[in-house]
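Okay, thanks for coming, everyone. Let me put the structure up and then walk you through a few spots in it.

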Amino acid sequence: MSQLLAGKTALVLGVANKWSIAYAIAAAFVREGASLVLTYQGERQRQTVEEFGVELKAAKVLNCDVTKQEELDSLVNELKSVTPTLDAAVHSIAFANKEDLSRPFLETSRDGYLLAQEVSAYSLVAVARSVAPLMPNGGSVTTLTYLGSTRVVQNYNVMGVAKAALEASVRYLASELGPLKIRVNAISAGPIKTTSARGVRDFSKVLDGVAALAPLRRNTDPAEVADTAVFLASDLGRGVTGNVVFVDSGFQIVGVGISG
Ligand code: 1JT
């Protein structure tokens with residue numbers, strides 16, 4: 001397109017497979033001229049992500065489980081040997097137990113709640129702390145969120161609470177990292193049929209309901225989310241920090257809708 005990220009190096013965490021939002025973002029970053037470092041979580045995903053690394057001509061593909069501080073520390077060390085500085089980081093990571101996305105929220109276990117918070121919200125703080133020293137010229141950190149953070153969305157439950165913490169973390173991080181010229185933002189994507197979402201009960205009905213009511217009368221394409229991630233990581237986004245940018249066909253503005 002227009003090489004919006006020419007000369008920039010980006011770290012993308014959260015590629016698991018072809019349907020991952022992080023994969024669409026990595027592909028768009030490469031299209032715009034960025035050099036990539038990808039991470040995978042554990043041996044099970046190693047081969048898949050390494051293949052994407054070859055396809056996308058990534059400078060490096062590294063292991064990183066964001067719940068382990070020592071893995072984040074070694075990620076930083078390995079990053080230093082790949083690139084002197086980093087310009088952008090994309091955090092596209094979330095997890096909750098499947099039963100916590102179907103049982104009543106009231107039944108959420110202590111462990112399930114803490115797990116969702118650790119993987120889906122605290123990890124952004126840990127990643128930002130790790131990458132900030134690699135951004136001496138400033139940079140951009142972008143995470144992915146969902147409307148269930150501020151509205152009650154059936155079944156989203158413990159993930160909604162984790163995304164609320166994630167969005168608040170974006171604001172506090174943006175405030176503290178702003179003086180270092182590091183911007184921190186979230187993209188709130190409309191529902192997308194990723195592998196994570198496939199396990200969610202009645203997800204196809206959610207997609208149909210959203211497409212019927214959204215101003216654009218369709219669902220969200222991962223490529224649209226990726227293009228907004230390009231904007232935020234690029235110089236075009238230089239004045240934007242601490243924000244939640246909705247890429248959801250406009251669904252979030254609708255109060256009472258009449259479908260059809
Ligand atoms: C996780 C999952 C995080 C699914 C997610 C997610 N963020 C968005 N989705 C998709 C989704 C899910 C529901 C929904 C709308 C979108 C699954 C596993 C762990 C993390 O409800 C209408 C439930």
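So, the second largest pocket: its volume is about 190 Å³. One thing to keep in mind as we go is that this is a predicted model. What kind of residues line that second largest pocket, by class? We get 6 charged, 5 polar and 1 nonpolar. Among the charged names on the lining you'll find Lys-8, Asp-87, Lys-181, Arg-183, Asp-235 and Arg-238.

Now over to the ligand. Around the ligand sit 13 residues, and the ones that come nearest are Ala-96, Val-153, Tyr-156, Val-200 and Phe-203. How much of the ligand does the protein cover? On its own the ligand has 500 Å² of accessible area, and the protein covers 89% of that. Sorted by class, the shell has 11 nonpolar and 2 polar residues, and no charged ones. Keep an eye on Tyr-156, though: an N or O atom in its side chain is 2.8 Å from a nitrogen atom of the ligand.

Next, cavities. The structure holds 1 cavity of 30 Å³ or more. The largest cavity has about 50 Å³ of space in it. Its lining includes Tyr-146, Leu-147, Phe-246 and Phe-251, plus a stretch with Ser-188, Ala-189, Gly-190 and Pro-191.

Last stop, salt bridges. Searching the whole structure turns up 9 of them. In one, the side chains of Glu-55 and Lys-18 meet, at 3.3 Å from N to O. Glu-55 is in helix 2, residues 43-55, while Lys-18 is in the loop between strand 1 (9-13) and helix 1 (21-31), so this pair ties together parts that are 37 residues apart in sequence.

How values were computed. Residues are numbered from 1 along each chain as its sequence is written. This is a predicted model: local features need pLDDT of at least 70, side-chain atom pairs count only at pLDDT 80 or more; totals for chains, interfaces and linings use all residues. Side-chain values use heavy atoms; hydrogens and water are left out. A residue is near a molecule or strand if one of its heavy atoms lies within 4 Å of it. A polar contact is a pair of N or O atoms within 3.5 Å; within protein, one must be able to donate a hydrogen and the other to accept it, and residues adjacent in sequence count only if both atoms are side-chain atoms. Accessible areas come from the Shrake-Rupley method with a 1.4 Å probe; for residues, only the protein chains shown count as cover. On a 1 Å grid over the protein atoms alone, a cavity is a set of points where a 1.4 Å probe fits but cannot get out, and a pocket is an open set with protein on both sides within 12 Å along at least five of seven lines; lining residues have an atom within 4 Å of a point. Grid points are joined across faces, edges and corners, and a volume is the space filled by probe spheres set on the points. A salt bridge is a side-chain nitrogen of Lys or Arg within 4 Å of a carboxyl oxygen of Asp or Glu. Helices (H or I, at least four residues) and strands (E, at least two) are DSSP runs, numbered from the N terminus.
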